[in-house]
Amino acid sequence: MSVHPFPTPEHTDVLIIGAGLSGIGAAYYLQRDQPGKSFVILESRAASGGTWDLFRYPGIRSDSDLHTFGYEFKPWVHDKAIADGGDILAYLRQTAAENGIDRKIRYQRKVVSAAWSSEDARWTVQVQHTDTGETHTMVCKWLFSAAGYYRYDQGFTPRFDGIENFQGQVIHPQHWPENLNYRGKRVVVIGSGATAVTLIPSMAKEAQHVTMLQRTPTYVMSLPSRDPIANLARKLMSPAKAYAFARRKNIGLQRGIWRFCQKYPNAARRIIRYVNKVSLPKNYPVDVHFNPPYSPWEQRLCAVPDGDLFKSIKAGKASVVTDHIDTFTAGGIRLKSGQELPADIIVTATGLNLQLFGGIALTVDGEPVDLSQKVAFKGMMLSDVPNFAFIVGYTNSSWTLKVGLLCEHFCRMLAHMDQHGYAVVRPRLPSPDMPTRPLLDFGAGYVQRALSQLPRQGTSGPWVMAMDPNHDAQVLRHGPVADPCLVFDTASRPHHPVAAPKQVAVSA
């Protein structure tokens, strides 16, 4: 690996990592609210769009409505609220182009490490050119991770016995081959999450048959792909007013459904089961395939637009099998029950590998940052890590609702620091014995596998990783920036870390 001969490191006020939904949003708010600050976006891939450019599997779409999944400042004007991936990608790139953000993106630039110096009050960042392998150094006052929370280069596939014996193709949705021909083929999709329920009805249009093989059922609900109230509002109002109206309506609807599921889980289960039953063939074993052992919203509820999954099952083009895999065979999969599923193509829709901040190695004054020993402050900073911010969106609502609120607060923090002459800010735990709990109260397997490597959250106050946009609006948009747990410095000083937080088991 050669070193690119930059004479002096390039400096910027804010270095944004990732040119996806979060990174483009962060850049917009910086330009709007802090126009005097310089920023650069580094994107490790060759194109913008993040998730929406990476995933190319059939039927890729949102599972949230675009009136809440879209940016607050840019109306979604398409008729379909549950939108196709291509339309979402075009929306993101149009946002970047309209605001000149695309000119601030450096592609094929992967951040390898970032070192904070209290003496210099800045981050020194090592950047690798993914196309050439060369590296160069950048310097910034603030490091802002908009890199999401999973690995872009690697999906999760469990170890399957006998997989080497299978004579067909095995594909992970994160690495979908271009121009894959599945017309007339027998397809088995392993998994029951959002990716699986998206793939199956789309592939069923051309495949001979598609089987969803699951160990455990998932809650699946049909939603209309078009929002008739939002579309009517757009005819009666300006696009901006109609979008704001639809956004408020859908935020309220999302929160209402989530709260109902939390407060009345048994009633929610019965309602979901009834809707599933009337959507499926007569005498279909709903309780075998669509009745999970957990309560609604302990894991993310999967939305299927216009009931497309149920329609594929009714038409005989798709089926669901709930069982455990014994082994792969030359011609398919043998299950623990003894049943054999013939397959020409097997899709392992088995989840993601979590990786915060793009896997960057962080150090503070020469000391490596152990993420598992840090606690998230207001869901956007880490204890004892100076001038570092990150975005992790909502797991129980539209991801982007968090992006706008968090970026507004970040810009307010920059303004506060400028007003008072501060150069550095770091969250500080009130006590090393402060009780903590996992960062994400979410039962999905990909989250549970990674919890031990993730930062923690507290049990109250600014240390809670809130998952409620109404709460965050009060704290992030309207609440004060100054906080007893934030340490501001006019000039930098040596960093003296406190002891790691005590991890106390606390119920969610």
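Reader: Hi! How do α11 and α13 lie relative to each other?

Author: They are roughly parallel to each other. Angles under 35 degrees count as roughly parallel, over 145 as roughly antiparallel, 65 to 115 as roughly perpendicular and the rest as oblique. This is a predicted model, where local features need pLDDT of at least 70 and side-chain atom pairs count only at pLDDT 80 or more, while totals for chains, interfaces and linings use all residues. Residues are numbered from 1 along each chain as its sequence is written, and side-chain values use heavy atoms, leaving out hydrogens and water.

Reader: Thanks! At what angle do the axes of α11 and α13 cross?

Author: Roughly 15°, and the axes of α11 (residues 399-420) and α13 (residues 469-478) come within 8 Å. Axes are lines fitted to C-alpha atoms over the stretch in contact, with angles from 0 to 180 degrees between N-to-C directions. Helices are DSSP runs (H or I, at least four residues), numbered from the N terminus.

Reader: Which residues in α11 meet α13?

Author: Among them are Leu401, Leu405 and Arg412, and the α13 side includes Pro469, Val475 and Leu476. Contact means heavy atoms within 4.5 Å.

Reader: New topic: how many disulfides are there?

Author: The whole structure has 0, a disulfide being a pair of cysteine sulfur atoms within 2.5 Å.

Reader: Is cysteine 411 buried or exposed?

Author: Cysteine 411 is buried, at 3% relative accessible area, and cysteine 407 is buried too, at 1%. Buried means under 20%, exposed over 50% and partly exposed in between (1.4 Å probe, protein chains only).

Notes:
Helix = DSSP H or I, 4+ residues; strand = E, 2+ residues; numbered from the N terminus.
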